[in-house]
Amino acid sequence: MRTALFAAAACVIAIGVAAGQANKPAPTALPDWSGVWQMIGPTVFDRASVQPQNGRAGDPGVREFPPLTDEYEAIYRKNIERIKAGTFPDPISVCGVPHGFPRIMNVPDVYEFAVTPAATYVLAENGPGIARIYTDGRKHPPAEELWGTYTGASVGQWEGDTLVFETRGLKESRDNDVIIDRTGLVLSDAARVTTRLRKVNETTLEAVMVVEDAKALKAPWKVTKQYRKLPAGTWAWDYGCAENNRNPISGSGKTLTIGPNGKPLDKNVD
Amino acid sequence: MTFTRVIAAAALCAAVSAPLAAHHSAAMFDDEKVVELNGTIKEMQWTNPHIWIQVVVDNNGQKTEWSIEGGSPNSLSRNGWRSTTFKFGDAVSVRVNPMKDGSAGGSFIGAKFKESGKTIGRWE
């Protein structure tokens, strides 16, 4: 009888240990990030380095200064020239692809942050976009099981009231099909981003992101974004991008405008 | 009186031009120029990713339909707009950043309703 009880107890302990490895206990009190939030400032990803100061993403000649390698600086300059020529389309114009990471932390409209013990979800109204950050104790998939996706794979843990997570498995930009922002910045599939997301006061969330990319960056690139809480009761809505998209892309990369007869208003369509 | 007027003052442009929270490049719009249209509303398309205001401008008997792009209904609704803000037949003045190539399209800046005198958007 004693042997049987001992065996049963051992099994319970073993199961508990196994479960603990798969599901790391969450902190007893998760922070309250409820409500609707809006990014502070325009959609230039790195506002600290943008030139000219207060330049808007997409305006000709506006650029940031991440520590790019020569190869990726050349890509950036080429994209900047395409913006000047009006032939640098935003990949999300087609209403079928996500913003990707880290761009999802840099979009207009509003956000919600759903915190649960096993995962935190960043819900961007624009896009719409979702970033899933698993906090159940799992590790990133091994390299052979990962493939490049727009938003990658994010795994994190709580350090007090700060969610610290790393994002890997990001898709390489191929012909600018995923961008960091509309200034023409792109990263490689070697990019990894470590993000520290926390509430700095009752009305401000802050994401401090450190981007590392062995192909595109010569040094880690730190970018901070903040989000302001909107008044209680604010709604986030469905964003059906394809509902009435009157801005298709021409063969040369020009963004067109569809008129009332269903044809482009633009005088030159190429 | 219905007419199209170009307000070319750069200072005014800087004050009233605002980027859309667009899902696309805004390269087609001339944000250095403001055009004021006087016409009547044919339709407002209260849809994502952008609303569209169709305005018919009658210039001495020659009617032109303008397509004016606004923000998303989501963001506009949080700023006081409604799906009924512009109704068929409303007489309006609308200021836009026009398309660079002179086509009858533009990016919405602000509007004034002739009957009520009310304004929406940026109208200084």
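Predicted model: local features only at pLDDT ≥ 70, side-chain atom pairs only at ≥ 80, totals over all residues.
Visitor: Why does A:Ala143 count as exposed?
Guide: A residue is exposed if 12 or fewer other C-beta atoms, placed from the backbone, lie within 10 Å of its own, buried if 20 or more do, and partly exposed in between. A:Ala143 has 9 C-beta neighbours inside 10 Å, so A:Ala143 counts as exposed.

Visitor: Where in chain A is A:Ala143 found?
Guide: A:Ala143 is in the loop between β4 (129-134) and β5 (153-159) of chain A. Strands are DSSP runs of E with at least two residues, and helices are runs of H or I with at least four, numbered from the N terminus.

Visitor: How many residues of domain 1 of chain A are in contact with domain 2 of chain A?
Guide: The bounds, 37-229 for domain 1 and 240-270 for domain 2, come from an automatic or database domain assignment. Contact requires C-beta atoms, placed from the backbone, within 7 Å; 8 residues of domain 1 of chain A meet this with 9 residues of domain 2 of chain A. The centres of the two domains, taken over C-alpha atoms, are 27 Å apart.

Visitor: What makes up the contact between chain A and chain B?
Guide: Chain A gives 31 residues and chain B gives 25 residues. The chain A side has 10 nonpolar, 12 polar and 9 charged residues, where Ala, Val, Leu, Ile, Met, Phe, Trp, Tyr, Cys and Pro count as nonpolar, Asp, Glu, Lys and Arg as charged, and the others, Gly among them, as polar.

Visitor: What makes β5 (residues 91-98) and β6 of chain B a pair?
Guide: Two strands pair if DSSP finds at least two bridges between them. β5(B) and β6(B) have 7 bridges in the antiparallel sense, and B:Val94 stands opposite B:Ala111 there. These strands form a hairpin with 6 residues between them, and B:Gly102 in the turn has a positive phi of about 85°.

Visitor: Which sense does β6(B) take with β4 (residues 62-69) of chain B, parallel or antiparallel?
Guide: β4(B) and β6(B) run parallel and are joined by 3 bridges; B:Ile68 has B:Gly106 as its bridge partner.

Note on methods: Residues numbered from 1 in each chain as written. Chains lettered and ligands numbered in written order. Contact = placed C-beta atoms within 7 Å.
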